[in-house]
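Keep the sequence and the coordinates side by side.

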Amino acid sequence: MAGLQPPRGTHDLIGETMRRHRHVVETASRVLETYGFEEWSTPVFEDTRVFSRTLGETSDVVSKEMYTFEDRGGESITLRPENTASICRALVTNGLTQTLPQKVFYHGPMFRYERPQKGRYRQFHQIGAELLGAEGPLRDAEVIAMAQDILTALGLADDVALELNTLGDLASRQAWREALVAYFRQHEDALSEESRIRLDANPLRILDSKSEQDRRLLDEAPAFADYLNDDSRRFWDELRNFLTAFGVTFRENPRIVRGLDYYSHTAFEFVTTKLGAQGTVLAGGRYEGLVEQMGGPAVPAIGWAAGIERLALLVDHVPDVPAGIGIVPMGTEATLAAASVARRLRNSGFRAEIETRGNVKKRMERVVKSGASHVVVLGEDELARDVVQLRDLQTREQKDVALSALVEALGGA
Ligand code: ATP
Ligand code: MG
């Protein structure tokens, strides 16, 4: 077993890294709850069809990034690459499609077979939200405002920018798609090889291409704005008005696409320039066919997912662990008493640590090093009088306190 490493693209969350991660989740959860969202947790693995059906066989995730295997019973299982499909599956299997809207958030590990680099891993974590049963652009604006509030609460308001686009409704998209395919066919020789494949499989994905060659062609491509029908145009206008009403600023970017047929109208990303190529920290949009794909009725929805690792890298202030109380017993009797003192302090919400190794000086040093705010010294003399010696490590003030009054003396209840 010598020299075992974690699998490529995975990492342990320890110390500061874990504290950052948790800070992101706790801050986001708090904001999500103010918007009335409730946490759900679904299995990290699902029947492969949950994802292959819904993400589209030709999407990057399904065609090359999924961790799929046959289990011992011969079922095809996939480690979830994202959580939206599972949430829609859960809405249906828990019989909740008639109790709409459902405002749901989740967080946890996702799995994608990718080329690992900074901000891109094979096991990574997302926190995300889905508003299932979302009628009209007010809800889209609200869900985007909620994302903005989370980023602001994390201190990232100045580090990220919201990029917004509309994908219109299906009819608008079909008209545009035809014009686009005709345009790309005309210039097929100038397309990158990857995009020539996309042209047959999923032409909208070309708009998302990172190839320089494709980018030049895209500048001249038919603009979607010219193909929006009246309903779609109204939705788009209202969305932007509501966002402004929520105080959310944005930049319109026609390159923001989600690539899947059941996405419609709203598509957005919060991006930063601080993470190199991995600049998208949070992405989402409106989708209309997913719940139906899971065997439920048509349920319009809007949602987003954020990469927790990317947010954790950006956050520059993580709250300190609250200071604890060190307990230094001297002697066998005192050590027994220390156990009950520690218990009482912990039950009152204090972090308490019993120091038993070395002489008094060594024990004191360890307490100071732990960053404790106070030390409680338990000696035989003190015990005989039912008191402890309480020292404030900040002010260096020292006094005897009755055992029964210790919690109160520390400012606890
Ligand atoms: P990209 O274009 O970076 O591959 P994506 O479109 O695949 O992103 P989504 O499926 O929209 O990403 O996931 C939402 C968010 O989850 C991303 O914006 C990003 O912050 C995070 N994310 C996605 N894949 C990874 C990964 N492999 N490692 C870390 N974070 C990731
Ligand atoms: Mg990806």
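Which residues line the largest cavity? They are Gly324, Ile325, Arg351, Ala352, Glu353, Ser370 and Ala372. This is a predicted model: local features need pLDDT of at least 70, side-chain atom pairs count only at pLDDT 80 or more, and totals for chains, interfaces and linings use all residues. Residues are numbered from 1 along each chain as its sequence is written, chains are lettered from A and ligands numbered from 1 in the order in which they are written, and side-chain values use heavy atoms, with hydrogens and water left out.

Stay with the empty space. Rolling a probe the size of a water molecule over the atoms shows where it is left. On a 1 Å grid over the protein atoms alone, a cavity is a set of points where a 1.4 Å probe fits but cannot get out; a pocket is an open set with protein on both sides within 12 Å along at least five of seven lines; lining residues have an atom within 4 Å of a point. Grid points are joined across faces, edges and corners, and a volume is the space filled by probe spheres set on the points.

The structure holds three cavities of 30 Å³ or more.

Of its 19 lining residues, Ala223, Phe224, Ala225, Pro254 and Arg255 are the closest to its centre. By class, the lining has 13 nonpolar, three polar and three charged residues.

Next, the packed interior. A nonpolar core is a set of buried (under 20% relative accessible area, 1.4 Å probe, protein chains only) Ala, Val, Leu, Ile, Met, Phe, Trp, Tyr and Cys residues joined through side-chain atoms within 4.5 Å. The largest has 89 residues; Leu32, Phe37, Leu132, Phe268, Phe270 and Trp304 have the most contacts inside it. A second, separate core of 20 residues includes Ala338, Ala342, Leu383 and Val407.

Finish at Gly128. At 0% relative accessibility, Gly128 counts as buried. Beyond residues up to four places away in sequence, Gly128 touches (heavy atoms within 4.5 Å) Val104, Phe105, Tyr106, Trp304 and Ala305. Gly128 and Ala306 are 178 residues apart in sequence, yet 6.0 Å apart in space, C-alpha to C-alpha.

How values were computed. Buried < 20%, exposed > 50% of the residue type's maximum accessible area, 1.4 Å probe, protein only. Nonpolar A, V, L, I, M, F, W, Y, C, P; charged D, E, K, R; others polar.
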